[in-house]
Structures are given as structure tokens and as C-alpha cells.
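I set out to record what I looked up in this structure, entry by entry. The sequence and the model come before my notes.

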Amino acid sequence: EEQAARPIQAATASAATFAVGAGVPVVTILLAPASGLVLTVSVVSLLCLAALGALAARAGGAAAAAGAGRVVFWGALAMAATAGIGKLFGTTVG
């Protein structure tokens with residue numbers, strides 16, 4: 001039997017996991033070599049977003065793969081937009 005979506009639980013799980021998951025890129029910055037910092041942080045961040053999106057989707061009664069894909073897509077788009085704006089204003093590292 002299909003379970004009804006639970007948007008409040010999904011939103012709560014998403015907020016909590018994103019708050020906790022925000023520390024992962026910070027730790028990555030401290031551990032990654034400077035030469036590959038941008039790529040390493042980007043990949044680790046997208047992997048974390050996939051895991052957290054899947055977890056939030058399951059908590060809300062939705063398919064994990066769809067939730068992960070949605071969060072990774074929008075996360076990658078946000079990263080690309082941020083990098084593009086940084087490059088436009090000359091503030092990017094790479």
C-alpha cells in the first residue's frame with residue numbers, strides 16, 4: 001500500500017540533515033590538497049546532497065532516488081551559478 005507524502009516530516013528531516021551536513025564541506029576544505037580543492041569540495045558536497053536528499057525523501061514518504069536526484073540537480077545548478085557570478089566579478093579561485 002502506498003504511503004501518503006508527509007511534507008512537514010520531510011521538511012524537518014531536510015532542515016536537520018542539511019544543518020548537520022554543512023560541516024562536511026568544511027572538514028573537506030581542511031583535509032583536501034589545495035591543488036584540487038574546488039573539485040574535491042564540489043564532488044563531496046554533491047555526494048552529501050545526494051545522501052541527504054534521499055534521506056529526506058524517504059522521511060517524507062517519497063522515492064529516495066527522486067529526492068536525491070532533485071537535490072543534486074538544484075545543488076549543482078546553485079554551485080554553477082555561484083561559480084559563474086564569482087567569475088564574472090573576478091572572485092573565483094580556479
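**Basis.** I worked with a predicted model, in which local features need pLDDT of at least 70 and side-chain atom pairs count only at pLDDT 80 or more, while totals for chains, interfaces and linings use all residues. Residues are numbered from 1 along each chain as its sequence is written, and side-chain values use heavy atoms, with hydrogens and water left out.

**Confidence.** I looked up pLDDT, the predictor's confidence in each residue, from 0 to 100. The protein has a mean of 88, and 96% of its residues reach 70 or more. Confidence is lowest in helix 1 (residues 7-21), at a mean of 83, and highest in helix 4, at 94. Helices are DSSP runs (H or I, at least four residues), numbered from the N terminus.

**Helix contact.** I found that helix 3 (residues 37-59) packs with helix 4 (residues 64-88) at about 145°, their axes 7 Å apart. Axes are lines fitted to C-alpha atoms over the stretch in contact, and angles run from 0 to 180 degrees between N-to-C directions. Among the residues in contact (heavy atoms within 4.5 Å), I noted Leu46 and Leu49 of helix 3 and Val71 and Val72 of helix 4.

**Aromatic rings.** I asked how many aromatic pairs there are. The count is 1 aromatic pair, where ring centres must lie within 6.5 Å (for Trp, the six-membered ring) and planes under 30 degrees apart count as stacked, over 60 as edge-to-face and the rest as tilted. Phe73 and Trp74 form this edge-to-face pair, 4.9 Å centre to centre with 80° between the planes.

Definitions and conventions
Helix = DSSP H or I, 4+ residues; strand = E, 2+ residues; numbered from the N terminus.
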